[in-house]
Amino acid sequence: MTAKNFFKKIFSLYLWGNILAMIVIVGLLALGVKYGLDLYTHHGQSVEVPNIIHKTYNEAEDILDDVNLEILVSDTDYVKTLPPDCVLEQSPTAGDVVKPGRAVYVKINASHTPQKPLPDIIDNSSLRDAQSRLMAMGFQLGEPEYIPGEREWIYGVKCRGKQLSAGDLVSVEDLLIIQVGDGRRDLNDQVTLVENTNYYYDEGEDEEEKPVRTRTHYKRQEPQAARPTIDRREIAGSTEAPRESSAPAPVAVPSGD
């Protein structure tokens, strides 16, 4: 390529037109991003969050909509003295300055008492542990009912006279009665021994000198059978002479003939 052709292509309108178009496009993209982000983030705009505590949900929604804010329910609770569906808590709180379009999270009062499942405490925990666990969950507890059994051990839970099981849904406003052992056992209660070691009782032991050891199972050893008497004369190939019997020989009695 000659120098004349090179400079001719460098100063051509086609080349510089493309370069100018690229510069314009990049500038437009930069301006679009700048002003677009300002519009999206509401740069330089702010609103004050109004107070919507104890307002009904519909009233709170209208109040927030007037200032270009949204309302979202994050949780529910129950306050007996307040009407249902009223706002108990809000976040951000009243007076905070936020950008338009921000969501305000609220906690709504439930229309009925919440129900929670009864934890697995029956025959599985002591009185102190059960009381701490139930009170932490918000249950109301009455005076424990003591019944024959192991001391401070939970044998049942009653609500309105009905026996409950683990997992039953119970209102937090209902009174729970815990059935706990008083340390005494009824004579009809069946006691199960935990130790299961076998004890072999020897007939030759002196029962008066050795105390009786209590176990769940007893096994008495059977006496060994007597060894059979072997006649040495029946042993094949034996050279030992048979022993003479120590019994006296029969005496011949003469006949009367």
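**Exercise 1. Arg 160 and its partner**

Determine whether Arg 160 is buried or exposed in this predicted model, and identify the residue with which its side chain meets in a salt bridge.

*Solution.* 
Step 1. The relative accessible area of Arg 160 is 73%. Exposed means over 50%, so Arg 160 is exposed.
Step 2. The side chain of Arg 160 meets that of Asp 174 in a salt bridge, with an N to O distance of 2.8 Å.
Step 3. Arg 160 belongs to the loop between S9 and strand S10 (162–163), while Asp 174 belongs to the loop between strand S11 (169–171) and strand S12 (175–181); the pair therefore ties together parts that are 14 residues apart in sequence.
Step 4. Asp 174 has a relative accessibility of 14% and therefore counts as buried. The salt bridge thus has an exposed residue, Arg 160, and a buried one, Asp 174.

**Exercise 2. The other salt bridges**

State how many salt bridges a search of the whole structure finds, and describe those formed by Glu 89 and Lys 158.

*Solution.* 
Step 1. The search finds 3 salt bridges.
Step 2. Glu 89 pairs with Lys 107, and their closest N and O atoms are 3.8 Å apart. This pair links distant parts of the chain, with Glu 89 in strand S3 and Lys 107 in strand S5 (residues 103–109), 18 residues apart.
Step 3. Glu 89 is partly exposed at 45% relative accessibility, whereas Lys 107 is buried at 18%.
Step 4. Lys 158 pairs with Glu 145, the closest N and O atoms being 3.0 Å apart. Since Lys 158 is in strand S9 (residues 154–159) and Glu 145 is in strand S8 (residues 145–147), the pair ties together parts 13 residues apart in sequence.
Step 5. Lys 158 is partly exposed, with a relative accessible area of 21%, and Glu 145 is partly exposed at 27% relative accessibility.

**Exercise 3. The two sides of helix H4**

Explain why the buried residues of helix H4 (residues 127–136) can be assigned to the same side of the helix.

*Solution.* 
Step 1. The buried residues in H4 are Leu 127, Ala 130 and Leu 134.
Step 2. Around the axis they cover an arc of only 65 degrees, which places them on the same side of H4.
Step 3. The face turned away from the buried side of H4 carries Arg 128, Met 135 and Ala 136, which are exposed.

**Exercise 4. Surface patches**

*Solution.* 
Step 1. The most is given by helix H2 (residues 13–41), with 4 residues.
Step 2. Phe 11 is located in the loop between helix H1 (3–10) and H2. Its relative accessibility is 58%, so Phe 11 counts as exposed.
Step 3. Glu 61 is part of helix H3 (residues 57–66) and, at 36% relative accessibility, counts as partly exposed.

**Exercise 5. Backbone geometry in the loops**

Locate the cis peptide bond from Ser 91 to Pro 92, and describe the phi values of Asn 68 and Asp 85.

*Solution.* 
Step 1. The Ser 91 to Pro 92 bond is cis, its omega being near 5 degrees. Pro 92 sits in the loop between strand S3 (87–91) and strand S4 (97–98).
Step 2. Asn 68 is not a glycine, yet its phi is positive, at about 65 degrees. Its place is the loop between H3 and strand S2 (70–77).
Step 3. Asp 85, likewise a residue other than glycine, has a positive phi near 65 degrees; it lies in the loop between S2 and S3.
Step 4. Asn 68 is partly exposed, its relative accessible area being 44%. Asp 85 is partly exposed as well, with 43%.

**Exercise 6. A contact across the chain**

What separates the C-alpha atoms of Leu 141 and Leu 175, in Å?

*Solution.* 
Step 1. Leu 141 is in strand S7 (residues 140–141) and is partly exposed, with a relative accessible area of 24%.
Step 2. Leu 141 and Leu 175 are 34 residues apart along the chain, and their C-alpha atoms are separated by 5.4 Å.

Note on methods
Residues are numbered from 1 along each chain as its sequence is written. This is a predicted model: local features need pLDDT of at least 70, side-chain atom pairs count only at pLDDT 80 or more; totals for chains, interfaces and linings use all residues. Side-chain values use heavy atoms; hydrogens and water are left out. Buried means under 20% relative accessible area, exposed over 50%, partly exposed in between (1.4 Å probe, protein chains only). The arc is that of the directions from the helix axis to the C-beta atoms. A salt bridge is a side-chain nitrogen of Lys or Arg within 4 Å of a carboxyl oxygen of Asp or Glu.
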